[in-house]
Amino acid sequence: QALSHAEIEALAKGEYEVDLRDDFYEKIRTALGIESVGYDKFARLRQMLAIERSEVKARAKRAEEEERQRREKEEAIQRQRELEERTAAVQVLLKDASRSLP
């Protein structure tokens with residue numbers, strides 16, 4: 001008895017809370033040298049699923065970190081623009097004030 005792609009997908013979603021990408025099945029074929037997974041290779045499949053779950057979490061964490069850094073950079077640029085605008089406005093006020101003084 002061998003597990004089909006659908007059964008492997010169900011195992012991944014049920015026990016490991018992972019949505020498998022198509023390249024994972026290629027990893028199975030490469031690592032196990034087979035098209036379907038029999039009971040004798042089940043332990044190795046579970047290891048591969050655990051690794052895949054870790055990789056998925058790492059990719060998500062990396063994407064979140066990149067998004068956070070992008071937002072911080074945009075906010076810093078916006079703060080810099082506001083500072084430049086305020087500085088220019090203050091310079092105009094100071095210039096006008098200096099003209100008013102004798």
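Visitor: How many aromatic pairs does the structure hold?
Guide: The structure holds one. This is a predicted model, where local features need pLDDT of at least 70 and side-chain atom pairs count only at pLDDT 80 or more, while totals for chains, interfaces and linings use all residues. Residues are numbered from 1 along each chain as its sequence is written, and side-chain values use heavy atoms, with hydrogens and water left out.

Visitor: Why is the pair of Phe24 and Tyr25 called edge-to-face?
Guide: Rings of Phe, Tyr and Trp (its six-membered ring) pair if their centres lie within 6.5 Å, and planes under 30 degrees apart count as stacked, over 60 as edge-to-face and the rest as tilted. Phe24 and Tyr25 are 6.3 Å apart, centre to centre, with 75 degrees between the planes, so they pair edge-to-face.

Visitor: Why is Glu52 called buried?
Guide: Buried means under 20% relative accessible area, exposed over 50%, partly exposed in between (1.4 Å probe, protein chains only). Glu52 has 2%, so it is buried. Phe24 and Tyr25 are buried too.

Visitor: What is Glu52 in contact with, leaving aside neighbours within four places in sequence?
Guide: Contact means heavy atoms within 4.5 Å, and the partners of Glu52 are Val18, Leu20, Arg21, Phe24, Lys27 and Arg59.

Visitor: How confident is the predictor in the chain?
Guide: On pLDDT, the predictor's confidence in each residue from 0 to 100, the chain averages 91, and 100% of the residues score at least 70.
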